[in-house]
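Welcome! Please take a moment to look over the sequence and the 3D view before reading on.

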Amino acid sequence: MRKYVIAAAIAIPVIVLLVIGGAYVRDEVIDANRVSRGVTVVGVDVSRSTPSETASIVISHEADLLATPVIVTVDELEREIYPADVGLAVDEDAIAQEAMTTRREDGFWANLSAWAGSWRSSKAIEVPVSIDDEALTAILDGFTDEIDKPPYNGTMRVVDAEVVPEYPREGVQVDVVAAVPLIREQLLQVEHEPVEIPLAPIPTLINAQQLDAAVAEATDLVDAPVFLREAETGKTIVFTTAGLKTALRHEILVNSPASIDVSLDAETLSKIAARTADRFTIPAVPASYTFNQKAKLFTVVPSIPSVVVDLDSIPDTVEAAIKEDGRGRIPMVEGPDAEFNTQVARAGMPLQEVSTFTTYHPAGQSRVTNIQNLADEIAGSVVLPGETFSVNDTAGKRTLEEGYVRAGAIIDGEVTCCDSPINIGGGTSQFATTFYNAVFFGCYEDVFHQPHSLYFSRYPFVREATLGFPLPDVIFRNDSDTAVYIDTSYTSGSITVTFYGDNGGRTCTSSTSGNTNTRTMTHADGSVTTESWTWRYKQPKKKDE
């Protein structure tokens with residue numbers, strides 16, 4: 001019996017060792033291409049699994065992670081973030097390789113010890129999940145259009161004629177930095193919990209105290225009218241409080257720290273002044289000529305430029321007045337020169353006689369007074385290139401107050417004197433005829449003239465003109481490149497009109513056939529043009545007006 005006991009005592013340990021050794025050989029030698037005992041991946045025991053079987057378990061876990069979006073709420077708005085959209089991925093091959101090396105050590109005894117430990121406990125392999133944080137951040141940034149509320153930096157408004165503040169308010173924005181780890185944590189879980197994305201405040205650039213100070217400054221600018229006066233006449237440009245308020249502006253200056261700049265808009269102030277600026281304009285005085293009759297020489301009298309309101313200086317002037325007592329002087333500046341200025345006048349020099357014409361009359365008649373009076377009013381007129389000249393527009397209506405007297409005039413086809421208003425200034429048609437002939441032979445453009453209804457022998461047949469007010473009139477256009485100076489002179493028995501200028505070398509002759517008068521104009525280049533006028537007088541012809 002004892003022999004059997006001793007044999008059993010020896011055999012049992014040997015058997016145990018053989019069993020254990022056989023298990024070790026099977027696990028670590030025969031099945032060395034399988035995962036060792038006591039290894040888990042994502043909670044699944046992968047002992048004795050092949051690498052591909054382990055990888056399949058990891059792939060299944062990855063599919064579970066990708067299957068469900070994470071629900072996020074932002075300021076009561078709910079959105080979904082899909083794991084695939086943020087690049088969620090698991091490296092199943094790397095995990096399978098890590099499982100193969102787990103609990104396996106170099107050296108027999110170390111490896112045997114590790115193997116023996118697998119019978120007492122399991123070892124879980126961590127499964128790293130990669131997430132593209134940049135993609136996740138980009139998704140969160142996409143929420144900003146809906147969620148972010150920029151700060152309101154406040155403003156000031158005019159309400160019921162008072163400047164009042166609208167105070168600043170903070171804004172809010174998605175706190176992306178804080179949200180990323182919260183969402184990442186849920187993406188790593190198969191079962192997701194909703195994520196409340198935090199919001200971060202956006203501070204204002206300015207505070208309520210700064211705005212109150214700016215409102216006070218603005219009120220000081222616009223609470224009283226500004227009066228700018230013209231020095232000589234005392235006329236005033238008034239900037240009312242309402243007008244000043246339309247010009248009120250403020251701007252937040254972004255510096256460190258931010259501040260509020262309060263001002264009056266320069267363009268608006270200038271526009272207010274421009275509404276009445278014309279009242280203060282001193283017109284330009286055109287250049288003119290003095291004519292020495294005896295020497296037949298011209299001298300240029302320089303032009304004087306206009307004086308206008310300096311609209312560019314108005315804003316500074318207004319602000320300076322506000323700082324004082326609300327009063328100031330209208331800034332004036334030299335404005336445009338006259339069209340016929342000194343330079344133009346001198347460029348047309350020297351003026352040469354272009355044409356002259358004289359008609360004769362008996363001395364001592366009342367009509368002579370009218371002829372000479374009209375000649376004095378026309379004398380010295382300057383007609384610029386391209387301009388039209390009218391005798392009536394220049395001299396105006398003939399009146400007793402201007403020294404005209406009653407004289408014979410054609411009324412209803414007969415020469416009548418002297419109870420009609422038409423008789424005042426009677427006889428001036430002789431000046432009209434003289435003037436018209438100076439136009440004719442000066443080769444200038446005839447705009448309008450009208451012969452008498454009755455013929456008078458002292459005038460050229462058809463080539464003559466009558467005058468009334470406002471019509472008939474004598475009008476011509478200076479179609480030359482040089483100004484025309486009109487000179488008049490008279491004796492007791494004659495009236496002369498002379499044009500000085502440069503008509504470009506044109507010469508004109510007159511011919512009459514029947515009731516038609518023709519002007520033949522020879523130009524500087526030798527070309528010839530003609531112009532004809534036909535007129536029929538009433539019969540019988542009268543010899544004297």
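## About the model

Keep in mind as you explore that this is a predicted model.

## A sheet of three antiparallel strands

Let us start with the strands E31, E32 and E33. They form an open sheet in the order E31-E32-E33, and their pairing is antiparallel. Strand E31 (507-513) and strand E33 (528-534) are at the edges; each has a single partner strand, so one side of each lacks a neighbour in the sheet. From one strand to the next, the twist averages 20 degrees.

Strand E32 covers residues 516-522 and is joined to E31 by seven bridges, the two running antiparallel. To find a spot where these strands face each other, look for Thr507, which stands opposite Thr522 in E32.

## The disulfide

How many disulfides does the structure hold? There is one, formed by Cys443 and Cys508, with their sulfur atoms 2.2 Å apart. The pair links distant parts of the chain, 65 residues apart: Cys443 is in the loop between H15 and strand E27 (445-448), while Cys508 is in strand E31.

Are these two cysteines buried or exposed? Cys443 has 0% relative accessibility and counts as buried. Cys508, at 11% relative accessibility, counts as buried too, because the cut-off for buried is under 20% relative accessible area.

## A sheet with mixed pairing

Now turn to another part of the chain. Here an open sheet of three strands has the order E14-E13-E20, and its pairing is mixed. Strand E14 (236-239) and strand E20 (327-329) are the edge strands, each pairing on one side only. The twist in this sheet averages 20 degrees from one strand to the next.

Strand E13 (residues 226-229) runs antiparallel to E14, and four bridges join them. One place to look is Leu228, whose bridge partner in E14 is Ile237. A helix packs on this sheet as well: H11 (residues 314-323) touches E13, E14 and E20, and its direction makes about 120 degrees with that of E13.

## Salt bridges

Side chains of opposite charge can pair when their charged atoms come close. The structure holds seven salt bridges, and three of them are described here. In one, the side chains of Arg157 and Glu166 meet at 2.7 Å, N to O. Arg157 is partly exposed at 42% relative accessibility, and Glu166 is partly exposed at 28%.

Another salt bridge brings together the side chains of Glu445 and Arg477, again with 2.7 Å from N to O. This pair links distant parts of the chain, with Glu445 in strand E27 and Arg477 in strand E28 (residues 475-477), 32 residues apart. Glu445 counts as partly exposed at 31% relative accessibility, and Arg477 is partly exposed with a relative accessible area of 28%. Finally, Asp479 forms a salt bridge with Arg506, their closest N and O atoms being 3.2 Å apart. Asp479 lies in the loop between E28 and strand E29 (484-491), and Arg506 in the loop between strand E30 (494-501) and E31, so the pair ties together parts 27 residues apart in sequence. Asp479 is partly exposed, with a relative accessible area of 28%, whereas Arg506 is buried at 13%.

Key: Residues numbered from 1 in each chain as written. Predicted model: local features only at pLDDT ≥ 70, side-chain atom pairs only at ≥ 80, totals over all residues. Heavy atoms only, no water. Pairing = 2+ DSSP bridges. Axes fitted to C-alpha atoms, helices over the stretch in contact; angles between N-to-C directions. Disulfide = S-S within 2.5 Å. Buried < 20%, exposed > 50% of the residue type's maximum accessible area, 1.4 Å probe, protein only. Contact = heavy atoms within 4.5 Å. Salt bridge = Lys/Arg side-chain N within 4 Å of Asp/Glu carboxyl O.
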